[in-house]
Amino acid sequence: MYTLKPKPIPLNDTYDVIVVGGGPAGCTAAASAAREGAKTLLIEATSSLGGMGTSALVPAWTPFSDREQIIYKGMAEHVFAETKRGMKHIDPKAVDWVAIDAERLKRVYDDLVTDHGADVLFNTFVSDVDVEDGKITTLIASNKSGLTAYRAHTFVDATGDADLAAFAGAPFMKGDSPENPQLQPATHCFIFSNVDIDGFKKIGRLHADNPNSVIHKLLAEKKYPRIPDGHVIGTKVGPGTVGFNAGHIFNIDNTRPETVSRGLMEGRKLAEEFRLALQEYAPEAFSDAHLVSTGALLGIRETRRIDGDYILTVDDYAERRTFDDEICRNAYFIDVHDSIYAAEAKGKLSRYKKGESHGIPYRSLIPKTLDNVLVAGRSISCERMVQGSVRVMPVCLAMGEGAGMAAAHAAKAKTGVRNIDVKTLRKRLLEEGVYIK
């Protein structure tokens with residue numbers, strides 16, 4: 001065995017708040033913490049902010065409204081509006097299932113974070129933490145400068161996989177139970193250019209929930225065996241350009257790099273197979289289509305969920321529950337791909353009616369065993385079926401704003417995340433335009 005020679009690791013202890021992960025939740029967390037006056041650092045493993053909506057090429061937002069009004073407000077609504085503003089084919093009043101221009105969205109996130117004064121480190125991985133008395137004291141990050149140790153008063157884990165919390169030994173859940181840790185499949189999104197948009201409009205919705213979709217014939221004839229099912233969503237993202245959230249890639253765990261590596265290679269092959277298949281089965285739209293890009297990231301739906309001070313339950317979702325400590329609201333439906341429990345849950349939990357939503361309690365962001373860490377995004381403390389609702393980008397944006405603000409308040413008061421004044425937190429969120437009850 002090779003033994004590394006010990007050498008000193010430089011220490012940076014200049015930050016009040018460090019946010020790890022620059023997806024939607026991480027961006028709003030960093031911007032929100034900095035806006036509250038905290039010296040803030042955002043550490044991101046890739047070369048751009050935005051995660052699923054940028055590097056993973058997810059082509060459309062899930063709904064921003066409860067079908068009566070926008071409910072993901074504050075910074076979430078700002079990001080949404082700024083992205084739409086640069087897309088000429090999008091109705092400025094559109095609020096549900098709106099297309100994403102990934103390159104524009106990258107710039108929107110860059111401006112959001114830096115304009116509020118947070119620092120950003122790209123291409124930087126957090127690989128370990130030190131913990132004392134329930135607090136992360138130091139995290140170790142690696143990039144082209146080598147290893148650097150960072151200290152801060154409060155940390156926000158926006159990795160999507162609860163990496164920071166897990167590294168710190170916090171308990172977490174995966175899948176339905178330890179005995180059944182099955183995870184939702186991944187999707188590798190991709191973009192076609194040179195699409196005939198008139199033809200694309202004529203062929204209608206490609207997803208299998210459309211009984212007239214060509215996908216039914218395509219699957220029945222089995223000429224393209226890599227295409228596993230009828231999960232095919234195409235969205236016009238620009239002139240002659242269609243983004244696809246299509247296909248499933250199974251047995252992927254984003255906390256196991258060997259499975260992600262296999263999934264990325266399979267996804268690239270699957271994208272080309274979709275191009276060939278649609279060229280044959282929908283030539284009026286795709287006869288001359290060109291595969292421009294596949295996502296730099298896999299579209300990951302779930303991995304770890306922290307065991308937090310409060311576990312958001314299916315009953316909370318079904319009862320449209322409001323919480324005294326809620327930091328945002330959510331109205332997205334239960335959307336769990338390929339689970340033996342999904343059909344049962346959907347049978348019990350009808351989609352919300354107009355104007356209905358449920359709260360996200362602050363307590364669901366606090367890992368049970370840690371005092372200076374908040375988790376924002378799809379890995380908050382919740383039951384698996386509920387995670388199928390709270391995992392999407394609009395609510396992650398909203399959660400991040402609350403988490404970042406709370407982290408800054410804890411740093412300013414030099415206290416733990418449980419000891420902040422939640423009434424003050426909620427008052428400040430309301431002042432910034434966040435929708436809570």
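**Close-up 1. Gly26 in helix H1 of the predicted model.** Gly26 lies in helix H1, in a model that is predicted. Its relative accessibility is 0%, so Gly26 counts as buried. Val113 is 87 residues away from Gly26 along the chain.

**Close-up 2. The largest nonpolar core.** This core has 84 residues. Trp61, Tyr72, Ile360 and Tyr362 have the most contacts inside it. Several elements give two or more residues to the core, among them strand S2 (17-20), helix H1 (24-35), helix H3 (102-115) and strand S15 (326-330). Helices H11 (384-390), H12 (393-413) and H13 (422-431) also belong to that group. The largest share comes from H12, with 13 residues.

**Close-up 3. The salt bridge between Glu302 and Arg384.** The closest N and O atoms of this pair are 2.4 Å apart. Glu302 and Arg384 link distant parts of the chain, 82 residues apart. Glu302 sits in the loop between strand S13 (290-294) and strand S14 (304-306). Arg384 sits in helix H11. Glu302 has a relative accessible area of 1%, under the 20% cut-off, so this residue is buried. Arg384 has a relative accessible area of 3% and is therefore buried.

Close-up 4. Lys106 counts as partly exposed, at 22% relative accessibility. Glu103 also counts as partly exposed, at 45%.

**Close-up 5. The salt bridge between Lys73 and Glu77.** Here the closest N and O atoms are 3.3 Å apart. Lys73 is partly exposed, with a relative accessible area of 24%. For Glu77 the value is 27%, and this residue is partly exposed as well.

**Close-up 6. A network of salt bridges.** Salt bridges link Arg35, Glu36, Glu401, Lys427, Arg428, Glu431 and Glu432 in a network. A search of the whole structure finds 29 salt bridges.

**Close-up 7. A negative surface patch.** Asp128, Asp130, Glu132 and Asp133 form this patch. Asp130 is found in strand S5, which covers residues 125-132. The relative accessible area of Asp130 is 42%, so Asp130 is partly exposed.

How values were computed. Residues are numbered from 1 along each chain as its sequence is written. This is a predicted model: local features need pLDDT of at least 70, side-chain atom pairs count only at pLDDT 80 or more; totals for chains, interfaces and linings use all residues. Side-chain values use heavy atoms; hydrogens and water are left out. Patches are made of residues with over 30% relative accessible area and no salt bridge: like charges are joined within 9 Å, nonpolar side chains (Val, Leu, Ile, Met, Phe, Trp, Tyr) within 5 Å. Accessible areas come from the Shrake-Rupley method with a 1.4 Å probe; for residues, only the protein chains shown count as cover. A salt bridge is a side-chain nitrogen of Lys or Arg within 4 Å of a carboxyl oxygen of Asp or Glu. Lys and Arg count as positive and Asp and Glu as negative; His and the chain ends are not counted. The place of a charge is taken as NZ of Lys, CZ of Arg, CG of Asp or CD of Glu. Helices (H or I, at least four residues) and strands (E, at least two) are DSSP runs, numbered from the N terminus. Buried means under 20% relative accessible area, exposed over 50%, partly exposed in between (1.4 Å probe, protein chains only). A nonpolar core is a set of buried Ala, Val, Leu, Ile, Met, Phe, Trp, Tyr and Cys residues joined through side-chain atoms within 4.5 Å.
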